[in-house]
Amino acid sequence: MRGTRDLLLVSGGAAVSAFGNALSTIVLLLHAQKLGPLAVAGVLVAGMIPVALGAPLAGTLVDRLPNRRLLICALLLQALATAAVTAVLDHLVLVLVLLLLIGCGTAVADPAASALVPKIAGENESSRGYSWGATGRSTGLLAGTSAGSLLVAGVGYGPALLIDAFTFAAEALALLNVRAERDPRGEPNGEHGRSGAMAGLAHIRRDPVLAVSVGGLAFAVGCIVLINVADPFYVVDVLHGNAVTLGAMQSCWVVGMLIGARAAVRVRTQQQLLFALGLAGCGIGLAACLPAAVPVVWVAGPAWMVAGGSNSMQNVTHRALVRLRTPEMLRGRVFAAASSALITANLLGTAASAGVMELVGPRWAFAIGGAGAAVAGLSALVACLRQTGPEQAERPARAASRGGSI
């Protein structure tokens, strides 16, 4: 595979950055917990808002400017904003403003990284490239989740946040040594190059496969958020566990993510991607329902591993499917629009989770979220396969990409 050196740099940088993100999440949630539930909710939501609302601008930047350099700038912005949080930890409003700034970097970095991977690995090896990136992120997340609490306890809140700032800078340094570049300025300015900021959303809406797959995945994300919110209550109130039990459950999820990322390497054709995406949705849904039905640790742990693997498979196949169904000059805006849809679903699910928990408790929250995710995965798989013929599988998005832009 071409671009192996560059992929090693990109996936290694993603691992380092994910480790730092795990640290900062622990710091900010522990600190906000002292200030009450609204502070915790603000910390969780602040970084998502720019991704949900800034997709048109972020996607346009990705489709207008060199992606590798744009990604480096976004990472440096995140590094500076994270370092600044250490100075204002006792001022919640300032912390939230800086988290919004970090989210602005994420809004640009995610579609830029997704659009850059096919330039590094090659169009036909994009699934492998996305799998490498997911493996790096999962490895860093596993290390951060496992050792994060101990490190935070050892060095304190401020130094832990500075470590996260350093990891953003380290990922930017790794990208400086990447040779590949996606530079839209050097491409012919065709119809998609001239189209407007909302063209990504318009393309998803027109493409029958992307409309159903992105919509189904967004619905699944909204359901799975219920599980994430119910997780600590399930561990404490149902399993009668403690922080160690919760950490072990989360580690099972991340280990599953590592396995799922590697399993997605060979998924390449449209039929394979659709099947894997639908199967992963069903897998994560059933894996969430099982602990609700059998509330014991030895069932919940393996189920969480299956759920994490399915989650990672969803991430890889979703990116590969968007790449397959989208013209090159439009990919930044489509990736940004898809991210916006998923983050919006996350926000809506988070907003609904408190009410669901109050009404039905953690076990039923698991069952409802799991059932919704399974139905979404199955529905997306059936609907997409019905709308996709063999010819479309070999010539992605040709018909779907026609029409005027917004």
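## Helix α5 against helix α6

In this predicted model, the crossing between helix α5 and helix α6 is left-handed. Helix α5 covers residues 67-85 and helix α6 covers residues 92-121, and the two pack at an angle of about 160° with their axes 8 Å apart. Because angles over 145 degrees count as roughly antiparallel, α5 and α6 are roughly antiparallel to each other.

The side of the contact that belongs to α5 is made by Asn67, Arg68, Leu70, Leu71, Ala74, Leu77, Gln78, Ala81, Thr82, Ala84 and Val85. From α6 come Val95, Leu98, Leu101, Ile102, Gly105, Thr106, Val108, Ala109, Ala112, Ala113, Ala115 and Leu116.

## Helix α5 against helix α8

Helix α5 also packs with helix α8, which is formed by residues 157-176, and the axes of these two helices come within 8 Å and cross at roughly 165°. That angle makes α5 roughly antiparallel to α8, and the crossing in which α5 passes α8 is left-handed.

On the α5 side, the residues that meet α8 are Arg68, Leu71, Ile72, Leu75, Leu76, Gln78, Ala79, Thr82, Ala83 and Val85. Their partners in α8 are Leu161, Leu162, Asp164, Ala165, Phe168, Ala169, Glu171, Ala172, Leu175 and Leu176. The contact of α5 with α8 divides into 15 nonpolar, 2 polar and 3 charged residues.

## Helix α10 against helix α11

Another pair of helices is made up of α10, residues 199-206, and α11, residues 208-238, which pack at an angle of about 100° with their axes 5 Å apart. Since angles of 65 to 115 degrees count as roughly perpendicular, α10 and α11 are described as roughly perpendicular to each other.

In this contact, His203, Ile204, Arg205 and Arg206 of α10 meet Pro208, Leu210, Ala211 and Val214 of α11. The residues involved in the contact of α10 with α11 divide into 5 nonpolar, 1 polar and 2 charged.

Phenylalanine 219 lies in helix α11, where the residue is partly exposed, with a relative accessible area of 49%. When residues up to four places away in sequence are not counted, phenylalanine 219 touches Gly372 and Ala376. The C-alpha atoms of phenylalanine 219 and alanine 371 are separated by 11 Å, although these residues are 152 residues apart along the chain.

Histidine 240 is found in the loop between α11 and α12, the latter spanning 243-263, and this histidine is exposed, with a relative accessible area of 66%. Most residues other than glycine have a negative phi. Histidine 240, although not a glycine, has a positive phi of about 60°.

Leaving aside neighbours within four places in sequence, glycine 369 is in contact with Cys223, Ile224, Leu226 and Ile227. The C-alpha atoms of glycine 369 and cysteine 289, which are 80 residues apart along the chain, are separated by 8.0 Å.

Arginine 323 has its place in helix α14, residues 297-324. This arginine is buried as well, with a relative accessible area of 11%, which falls under the 20% that marks a buried residue. Not counting residues up to four places away in sequence, arginine 323 touches Pro118, Glu123, Ser126, Tyr130, Arg331 and Phe335.

A disulfide is a covalent bond between the sulfur atoms of two cysteines. How many disulfides does the count come to in this model? The count comes to 0 disulfides, where a pair of cysteine sulfur atoms would have to lie within 2.5 Å.

The sulfur of cysteine 223 is 10 Å from the closest cysteine sulfur, which belongs to cysteine 289, and that is too far for a bond. Cysteine 223 is itself buried, with a relative accessible area of 9%, and is one of the residues in contact with glycine 369. For cysteine 252, the closest cysteine sulfur is again in cysteine 289, at 18 Å, which is likewise too far for a bond.

Key. Residues are numbered from 1 along each chain as its sequence is written. This is a predicted model: local features need pLDDT of at least 70, side-chain atom pairs count only at pLDDT 80 or more; totals for chains, interfaces and linings use all residues. Side-chain values use heavy atoms; hydrogens and water are left out. Axes are lines fitted to C-alpha atoms, for helices over the stretch in contact, and angles run from 0 to 180 degrees between N-to-C directions. Helices (H or I, at least four residues) and strands (E, at least two) are DSSP runs, numbered from the N terminus. Angles under 35 degrees count as roughly parallel, over 145 as roughly antiparallel, 65 to 115 as roughly perpendicular and the rest as oblique. A crossing is left-handed if the near helix is turned anticlockwise from the far one by less than a right angle, and right-handed if clockwise. Contact means heavy atoms within 4.5 Å. Buried means under 20% relative accessible area, exposed over 50%, partly exposed in between (1.4 Å probe, protein chains only). Ala, Val, Leu, Ile, Met, Phe, Trp, Tyr, Cys and Pro count as nonpolar, Asp, Glu, Lys and Arg as charged, and the others, Gly among them, as polar.
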